[in-house]
Amino acid sequence: MGARFLKEQAVSERRACILTDLSRSTFQYELKVKDDAELAARLKELAARHPRYGYRRMWALLRRGAMPINAKRVHRLWKKLGLHVPRHRKKKRCKSNGTVPCKAEHPNHVWTYDFIHDACANGRKLKMLTVSDEFTREGLAIETESRLPASKVIAVLERLFEAHGAPKYLRSDNGPEFIAKVLKKWLAEKKTETFYIEPGCPWQNGFGESFNGKFRDECLNVEIFNNLMEAKVVNESYRRHFNTERPHSSLGYQTPLEFKARSMGALPPNPRSLPLCGPNMNEQKNGRSVETLRPHVRPPVSALGTLSSVALSSAQALAALSERR
């Protein structure tokens, strides 16, 4: 304001900037207001399609859709449009050291499986067996039935072993289906070791609990199943979406299939890598405080810095993995 006042008093611009200790580039700067109409419409469309996604995952989807956008701009517009995801009240948790025993070190090293329950609109009970790879976070199966005894669990695992190979370890709780003698004997024949978590320690199966939580929040809580067949189709559709389209924050916002393909060497690292940047996290860089965005769970080293504005297609990832096998 002082430099502008001096210029109005017939003082040269250069002299006015010197007297007020202001750079001429700052004095000459004119604010350029960006048109956010297109971005706002795209955010509303994505929010309607994925009602349980937050702004970070929306930002990742926009970048994967070849839209060069800054996370802070998405965050500002997200708040302006009132698209906040309602937060669930957190339950009180037992204190623990937060470590997961027998941590997965490569694909097909440790699998986890568990049950999750729901019901159809007509009251029919649904029981779902979820199986996932702890290293790649890939959802290997969501088997939906009214009953799932140990014999059906074996049938599901046998199908998965043929498709992916037998894992080294299989983690689960102490449910009656998982500790059944027939299942233990079958796994021993396949040379797969069982790892049972301690009673009352769900954090020891954190990856399985995480997958089930997302499945519950993003699928079961927003869908109404009229019958068993509809539940099977919808749940399988969600599993495929989870593996091929949903960016995973703990994998550097890659999909599980993309991360699996790169971790197995079927695809090279992405040359057009982008840093995970955005609000709410501070980091020192060149003596300055820089805002950065990091996933809540630190990903494996090979997952860092692989978010690209051009997404790897599901067909590419699947083809690369098929050639690898």
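A: In this model, helix 9 (residues 206-220) packs with helix 10 (residues 228-244) at an angle of about 120°, their axes lying 11 Å apart. Axes are lines fitted to C-alpha atoms over the stretch in contact, with angles from 0 to 180 degrees between N-to-C directions. Phe211, Lys214, Phe215, Glu218, Cys219 and Leu220 of helix 9 make the contact with Val234, Asn235, Tyr238 and Phe242 of helix 10, where contact means heavy atoms within 4.5 Å.

The model is predicted: local features need pLDDT of at least 70 and side-chain atom pairs pLDDT 80 or more, while totals for chains, interfaces and linings use all residues. Residues are numbered from 1 along each chain as its sequence is written, and side-chain values use heavy atoms, without hydrogens and water.

Helix 10 is also one of the partners of the buried residues of helix 5, together with helix 4 (37-49), helix 6 (71-80) and helix 11 (256-263). Helices here are DSSP runs (H or I, at least four residues), numbered from the N terminus. Nine of the ten residues of helix 5 (residues 55-64) are buried, so helix 5 is largely enclosed by the rest of the structure; buried means under 20% relative accessible area with a 1.4 Å probe, protein chains only. Among them are Trp59, Leu61 and Arg63.

Helix 4 and helix 6 also pack with each other, at about 75° with axes 11 Å apart, which means that helix 4 is roughly perpendicular to helix 6.

Key:
Helices (H or I, at least four residues) and strands (E, at least two) are DSSP runs, numbered from the N terminus. Buried means under 20% relative accessible area, exposed over 50%, partly exposed in between (1.4 Å probe, protein chains only). Angles under 35 degrees count as roughly parallel, over 145 as roughly antiparallel, 65 to 115 as roughly perpendicular and the rest as oblique.
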